[in-house]
Amino acid sequence: MRRASNGHIRWQTAVAGDVSSHFGSPLWLGEHVYVQSSRDERPDELVAIDRADGSIQWRRSVGYELERVTPTSAGVFVASSVVDPDGGILVRLDAFSLDGTRRWQTTTDVHIGGTVQSLGRVGGVLFVASDNEIAAYDPDSGSRRWQYNPESSQIGVSAADGALYISHRDTGGLARLPTD
């Protein structure tokens, strides 16, 4: 193992596929280092890498394009885009245990016009938001708890101290949503 104090790396790991993202950083930190891997015309994969030695712990296929990852101490949640059979693009959610076991997977009815704007865990809910709607899911089962479609074409989402807020960017205003 090389020491960073003299400018050398501690470890380096080759990951099959393109490690990049159109939606921001392809790298997330949690119990593992999580990285997005894309390969020709295949669904994206989430790759979990050991933080200490750089060994690949597991890799799992997710929706066509991986867009957001939320690591927690109990597991990792992934939002990706999938094609809606009725037209358009929907959000798919996956939940994995730290050992890579898929706990659940669900295709939501949250439509996205561009990207998944936000994915997070606050209080007792997992939330996912597009440009103009937000929905909350049970983090243990993936069942939907509620969905909110504001009369706004652009929303912003923020979560802090067990509370979930949305702002109506184009019409003004703020709303607090339930987290239980």
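What follows is a short chat about some strands in this predicted model.

Me: What makes strand β6 largely enclosed by the rest of the structure?
Reply: Burial does. Eight of the nine residues of β6 (residues 75-83) are buried, and a residue counts as buried under 20% relative accessible area. So the strand is largely enclosed by the rest of the structure.

Me: How do you know that β5 and β6 pair?
Reply: Pairing takes at least two bridges between two strands. Strand β5 (residues 65-71) and β6 have six bridges, in the antiparallel sense, so by that cut-off they pair. As an example, T70 is opposite F77 in β6. A hairpin with three residues links β5 to β6.

Me: And what makes β6 and β7 a pair?
Reply: β6 and strand β7 (residues 89-97) are joined by nine and run antiparallel, so they count as paired. A79, for instance, has L93 in β7 as its bridge partner. These two strands also form a hairpin, with five residues between them, and G87 in the turn has a positive phi of about 110°.

Me: Why are β13 and β15 called edge strands?
Reply: The open sheet has three strands in the order β13-β14-β15, with antiparallel pairing. β13 (155-160) and β15 (174-177) each pair on one side only, which is what puts them at the edge. From one strand to the next, the twist averages 25°.

Me: How do you know that β14 and β15 pair?
Reply: Four bridges join strand β14 (residues 163-168) to β15, and at least two are needed, so they pair. Y165 has R176 in β15 as its bridge partner.

Conventions
Residues numbered from 1 in each chain as written. Predicted model: local features only at pLDDT ≥ 70, side-chain atom pairs only at ≥ 80, totals over all residues. Heavy atoms only, no water. Buried < 20%, exposed > 50% of the residue type's maximum accessible area, 1.4 Å probe, protein only. Axes fitted to C-alpha atoms, helices over the stretch in contact; angles between N-to-C directions.
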